[in-house]
Structures are given as structure tokens and as C-alpha cells.
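Colleague: I have a model open and would like to learn how to read its features. Could we go through them one at a time?

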Amino acid sequence: MSETETGSDRADATGAEGPRLGGLLRGKRALVTGVANELSIAWAIARAFHAEGAELVFTYPGEAIERRMRPLVEPLGPRAILACDVGKDQDIERTARAVGEVWDRLDVLVHSIAFAPRAALEGRFVEGTTREAWNVAMEVSAYSLVGLTRAFLPLLRPGSSVLSLTYFGAEKVVRGYNLMGVAKAALECATRYLADDLGQDGIRVNTISAGPIKTLAAAGIRGMRTMLSENAARTPLRRNIEQEDVARAALYLCSDLARNVTGEVLHVDAGQNVLGVISMG
């Protein structure tokens with residue numbers, strides 16, 4: 001579920017990052033948010049970007065995450081690893097200034113950030129969705145896309161790309177996703193408005209709607225284990241997706257291959273989103 005990710009660090013004949021496509025992002029500079037551990041979708045995206053020639057900067061929200069992610073990302077040789085609490089405008093602005101001291105431009109901004117209080121993901125939606133929970137979920141999961149984009153706008157050039165992660169619970173009810181579904185709906189709508197607004201500057205804005213994947217974020221969603229076990233038999237492709245599937249879609253959207261693609265919600269979910277009822281039998 002957007003930041004719900006399934007951990008399979010596979011090394012095969014194509015390499016640890018999956019098949020290399022010939023330097024799709026060679027010379028590009030990418031800021032990646034949301035790497036929490038080796039199961040993160042953001043981590044799969046970062047590895048794929050690095051394999052295709054991109055330089056990287058990472059952000060983290062606090063010391064607990066930093067302790068897990070710093071040893072993970074350092075082998076990729078990032079230009080910087082920066083603290084950034086997207087719930088604070090001053091943190092966002094400070095991070096943008098710090099990136100501006102390292103680079104004179106930013107080609108890719110990856111937003112992989114979402115949060116809602118656990119109580120808002122359990123039980124009845126009407127009872128768990130308090131005003132406080134609503135404000136926190138919206139600020140962190142949706143507004144932060146706008147806030148980060150605005151702060152980095154001076155570094156974004158024509159041809160640059162902003163990418164976020166969403167989930168089908170933004171479009172239809174997924175029981176247990178609750179408030180996060182509403183926040184992701186706001187994120188998807190913000191994507192369209194940003195795409196229209198920034199198109200005049202040659203900046204593209206898209207989001208990937210990933211199928212359910214087991215990640216750190218997914219641990220807070222009731223019934224996730226059951227969903228994963230049942231999902232593979234129900235999708236048109238009869239399988240679950242993996243982080244690398246999302247990473248390859250991100251490569252496409254953030255490369256020149258997608259130079260005329262903007263405002264899109266790209267589903268990477270083995271076709272799950274096309275289904276109505278599972279079976280009439």
C-alpha cells in the first residue's frame with residue numbers, strides 16, 4: 001500500500017537491482033525521501049536510480065530512522081543524508097537550502113512519506129478519524145508533497161520530475177486503510193493540480209499506485225497478512241508485486257522515456273485495480 005512494501009532483496013543474473021537498462025538516469029540528480037529499511041519501496045527506487053546512473057541525496061525524519069537507513073544507503077555514495085521532518089516548514093526549507101549547497105539543480109524528487117496514527121487505522125472509520133488524526137495524516141501524507149515541491153522549485157528545471165506513492169485505497173474503500181485512504185486521495189488530487197501548475201515550467205508530477213506489499217508501514221494496517229496471502233490468487237496476473245516492480249515504474253516516470261507523461265496515477269498492482277467483484281460463482 002503505497003509505502004507498504006514486500007522485502008525481497010534478490011540477486012539474480014541481472015544484478016541486485018534487477019535488469020539494468022543502459023543508464024536511463026545518467027547525470028540526473030535525485031532526492032529520495034522515505035527510506036526506512038531494506039524493505040522500503042523508496043530503497044528499491046534508490047537502488048534502481050543508482051544502477052541507472054543517478055546521483056542521490058536522502059532525507060530521514062528522525063534519529064530512529066537514521067540509525068537504520070544510514071548504513072543501508074551509504075554504500076550508494078550519496079552526496080548528502082539530511083534530517084527533514086516534513087511536518088515542519090522550517091525543516092523543509094532548511095533541507096532545500098542544504099541540497100542547494102550540494103547541487104545547482106534537482107532532476108527528480110521522490111516523495112515516499114505517509115503517516116496516520118494507529119488508532120485511525122483500526123476499528124470503525126467514523127470513530128478512529130479524530131480531528132487531530134485527520135490533521136496529522138493530511139499534513140504528513142499529502143500536504144508534504146506540496147510543501148516539498150514548493151521548497152525545491154528553485155532547483156527544479158524543465159524536464160525534472162516529481163514522483164509520489166499512493167494506493168488503491170484512495171479510489172475505493174479498502175477496509176482497514178481508513179484515514180490513510182482519504183489522505184492518499186488528497187495526495188492524488190494534489191498530484192493533478194501540481195502537474196497542471198508546474199507544467200508551464202516543464203516539470204512533470206506523477207504518482208505510482210502500488211499493490212499491497214509487506215513493509216514497515218504495512219505493519220500498522222490490520223489484516224495486511226491476510227490480504228497478501230489472498231491477493232495473489234485474485235489479481236489478473238495471479239501474483240503479488242514486489243518493490244522492484246515499483247522501482248522500474250519509477251525509472252520510467254522519472255526518465256526521458258516519460259517526457260510527455262504528467263498528472264498520472266500509474267497502477268503497479270498486477271491488475272488488481274481493474275476488478276469489480278472477484279467472482280460471480
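Modeller: Start with Phe168. Apart from neighbours within four places in sequence, Phe168 is in contact with Ser209, His267 and Asn273, contact meaning heavy atoms within 4.5 Å. Bear in mind that this is a predicted model, where local features need pLDDT of at least 70, side-chain atom pairs count only at pLDDT 80 or more, and totals for chains, interfaces and linings use all residues. Residues are numbered from 1 along each chain as its sequence is written, and side-chain values use heavy atoms, with hydrogens and water left out.

Colleague: Where is Phe168 found, and is Phe168 buried or exposed?

Modeller: Phe168 sits in the loop between strand 5 and helix 6. Helices (H or I, at least four residues) and strands (E, at least two) are DSSP runs, numbered from the N terminus. Buried means under 20% relative accessible area, exposed over 50%, and partly exposed in between, using a 1.4 Å probe and protein chains only. Phe168 has a relative accessible area of 15%, so it is buried. Its C-alpha atom is separated by 6.3 Å from that of Ser209, 41 residues apart along the chain.

Colleague: How should I read the sheet?

Modeller: Two strands pair if DSSP finds at least two bridges between them. Here an open sheet of seven strands runs in the order 3-2-1-4-5-6-7, with parallel pairing. Strand 3 and strand 7 (265–268) are at the edges with a single partner strand each, so one side of each has no neighbour in the sheet. Strand 5 and strand 6 pair in the parallel sense over six bridges, and Leu165 stands opposite Ile208 in strand 6.

Colleague: Which strands does helix 6 touch?

Modeller: Helix 6 packs on the sheet and touches strand 4, strand 5, strand 6 and strand 7. The direction of helix 6 makes about 155 degrees with that of strand 6; axes are lines fitted to C-alpha atoms, for helices over the stretch in contact, and angles run from 0 to 180 degrees between N-to-C directions. Thr191 lies in helix 6 (residues 178–199). Thr191 counts as buried because its relative accessibility is 0%. Beyond residues up to four places away in sequence, Thr191 touches Leu145, Ser164, Val205, Asn206, Thr207, Gly263 and Glu264.

Colleague: How do I read the two sides of a helix?

Modeller: An α-helix has 3.6 residues a turn, so residues three or four places apart point the same way. In helix 2, Ile65, Glu66, Met69 and Val73 are buried. Seen down the axis, the buried residues of helix 2 fall within an arc of 95 degrees, so they line one face; the arc is that of the directions from the helix axis to the C-beta atoms. On the other side of helix 2, Glu63, Arg67 and Pro71 are exposed. The cover over the buried residues of helix 2 includes helix 1, strand 2 and strand 3 (80–83).

Colleague: How many residues has the largest nonpolar core?

Modeller: A nonpolar core is a set of buried Ala, Val, Leu, Ile, Met, Phe, Trp, Tyr and Cys residues joined through side-chain atoms within 4.5 Å. The largest has 41 residues, and Phe49, Phe58, Ile208 and Val246 have the most contacts inside it. Helix 1 gives the most to this core, with eight residues. A second, separate core of 27 residues includes Ala80, Leu106, Val140 and Ala142.
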